[in-house]
Amino acid sequence: MGIKFSLTVVIALVLAAFLGVQAAGMTYLFGVIIPYLAVFIFLLGVVYRVITWARSPVPFRIPTTAGQQKSLPWVKQNKLDNPSSTAGVVGRMLLEVLLFRSLFRNTKFELHQGPKVVYQWEKWLWLAGLLFHWCFFVILLRHLRFFTEPVPFFVLMTDRLDGMLQLGLPGVYLTDAIFILAVTYLFIRRVIIPQVRYISLPADYFPLFVLLGIGITGILMRYFLKVDVVRVKELAMSLVTLQPKVPDGIGVLFFIHLFLFSTLFAYFPFSKLMHLGGVFLSPTRNLPNDSRMKRHVNPWNYPVKVHTYEEYEDHFREKMIEAGLPVEKE
Amino acid sequence: MAKVPKPNELVIDHKLPQTGWMDTPVVFRPGTFSYPGKPKNLEVVGLPNPREWSPMDEDWKLPDNWKEIILEGLRERLERFRSLRVFMDICVRCGACADKCHFYIGSGDPKNMPVLRAELLRSVYRKDFTTAGKVLGRIAGARELTVDVLKEWFYYFFQCTECRRCSLFCPYGIDTAEITIIGRELLNLVGLNIDWVVGPVANCYMNGNHLGIQPHAFKDMIEFFVDEIEAVSGVRVEPTFNRKGAEILFITPSGDVFADPGTYTLMGYLMLFHELGLDYTWSTYASEGGNFGFFTSHEMMKRLNAKMYAEAKRLGVKWILGGECGHMWRVINQYMDTMNGPADFLEEPVSPITGTRFDNAKSTKMVHIVEFTADLIRNGKLKLDPSRNDHLRVTYHDSCNPSRGMGFFEEPRYVIQSVCNNFFEMPPETTREQTFCCGSGSGLNNDEFMEMRMRGGLPRANAARYVQEKHDVNMMACICAIDRAVLVTSLNYWAPGVGVTGVHELVGNALVMKGEAERTTDLRGEPLAGMEESDDEDL
């Protein structure tokens, strides 16, 4: 159900952009209004989400410790997987955010006759996830060439490196190819692994289809059904300088590409894609394991009813005296 | 009570149901759920809605406004716990956690995949706390909170041992323990809990320990072990109770006072402290290291834990030494000081024997017995004869809570390898931070839940069988009282021939004491290696 629904929505989005631009000529709507709106929703939504998260306190220090704690001086601490200092936490978070440290641990379990439980090597999810995220990042970075004049050196450099294979004309970007492969893998895996399919919601397929749509339209534009890049840049520059103007003669494919991306952007804050922000606020990862050394304060800690020693002794005094246990009141 | 199928009859099927998980109702099959809390136990600690009820009944006798209570409770907790708020929002359902859960591995029930366990709560969160869920409903993965959903929560939140293995593999650190803890907290608001948790909580509250041992009986039981120790070693140890002015207060789980094989670990403590001449005292008021309040609610955890500091203050000790226990140490490491500190009436712990300052415990002022002993051994303060453990071929089970809630890996290994000559590790996917739960943690170690316990215990026991076949391992050491109580059963079920021991039982065996008689048996009365023959001659 999730697949069909999500696919239908994405196809409808593509058609909407196609008809809107091609038949109704609404280039200003799709080229200016919607992108602006999307950026607005994205920024506002993300800020709202992060503030909502941040407003809930972290009452307890609950890192998942994944290595040796800091204890006796001769016991070697695992400073990255079980940090006890801020520097350690920064290191752990960098590994987590940049290299997906936790996912790298992944294994796959199999039940053999016996029963016998075995654990298989399984790094494909990690690899595809990592490649997808990094490629997406590089592609976004490359797109800055449309929004800047002069184009900064790091964008040019990324562009150069990415296209270093120099296959075909215009040169094939490595990231384009890997992006499509990785997203496709993530989709296929979701469909063919029964457990993953069972847990999947429409909200899991939808972003994958949108991403594929963005990737495919992008590749089509660059390599096959070319659009006028000079005019695209003209539009992009007009958008960033807040003097929006849609030049004539940009192919409809571009508007589909832009519309899908706007959709992704506007959808972002309301969806699981917020894991981008959430990972930084995850209390099992971003706290040092130092709560025996340094008191962690819970802002809403409140007094509770306890059974005091006095009540306890009152209850058991005679038995205690008889057993020779010391008491406060004879 | 349901009969547990034999290991070869137990069907483990990972095939998924034809229906989606929201359309698959929960079935309460005997052997897979725990009995509900008895009203008298709820009343002792003032938990809401005490009544007789059964999960098998249609009517769970909920308060009329149960839904309001739960949703209000959820709102409150979303505002109190960033963990909950973030974990509700960011799961991408990648499935990395799915096969990391011992209950999923052993049962094949898809709702035991951590991701789905969390979705049980998340779907309700979406419906009532997110715009998308309100508008789009099921398309957005949202669903109405109904009695059936509540029943599902009860079933699956009491089918999670809060071991946090899944959180280790989650790319965002989503911790199912956190979800389960809060889920159980919500259930408790309308009187849904299990007696194996509420009973010990009530006992602990009134009598000082989970087992409800009264002060005079507690003293009696420990003194029984004093005799046992004398019988084995010829040395008479002299523990003290509720003694003011002692330097150290010692607190350990009451399970070790009560039943084998934990009692042998307790004997190990007594022997060690005697040999050191440690100025320490037991307390009958704070006679529980564990904390089943942790399996009820954050508030109940705090109410029970409060006794440790209160008693340390009353007795005027300098610091607290804690015994071998799993969840006890998660509570001490990650909650105690925050909840019931600051312990400014205590001193930073210093070992009176070695002078070592335990800087890592300078705020809580509570030291783990295995840290303490490791430091003693490192400084050459103990005379040890590891050959007295030569009849044992030992492996080590990392208990979940000290592993993933603390990072306690090298200290116990160091101690074991100092007191044993034969030590073998289980496969790395099942040890240290990746360790598997015993299958009965977080208050699920009751008899009526036995089938599920054996299922959940499979991965751990399977790794034990692996080293049993490969290295003739016959003993699994651990530092958790629940482990000691339950691994015996699950190993007997899946890997017969492997026993269970605490680390300090091994220490007790190896410890050469001043004035001791020649030992012919270990603490259990089993003949030492090389002593079996002389036994035969006697016959």
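In which sense do strand β1 and strand β3 of chain B pair, and over how many bridges? Strand β1 (residues 248-251) and strand β3 (residues 319-322) of chain B pair in the parallel sense, over four bridges. Pairing here requires that DSSP finds at least two bridges between two strands. Strands (E, at least two residues) and helices (H or I, at least four) are DSSP runs, numbered from the N terminus.

Before I continue, a note on the model. This is a predicted model, in which local features need pLDDT of at least 70 and side-chain atom pairs count only at pLDDT 80 or more, while totals for chains, interfaces and linings use all residues. Residues are numbered from 1 along each chain as its sequence is written, and chains are lettered from A and ligands numbered from 1 in the order in which they are written.

Returning to chain B, Phe250(B) stands opposite Leu321(B) in β3(B). The open sheet of chain B has four strands, ordered β2-β1-β3-β4, with parallel pairing. β2 (280-281) and β4 (366-368) of chain B are at the edges with a single partner strand each, so one side of each has no neighbour in the sheet.

I turn now to chain A. Its domain assignment, with bounds from an automatic or database source, gives domain 1 (2-299) and domain 2 (300-330). Their centres, taken over C-alpha atoms, are 58 Å apart.

Finally, the interface. In chain A, 82 residues are in contact (C-beta atoms, placed from the backbone, within 7 Å) with 90 residues of chain B. On the side of chain A that touches chain B, α13(A) gives the most, with six residues.

Methods
Contact = placed C-beta atoms within 7 Å.
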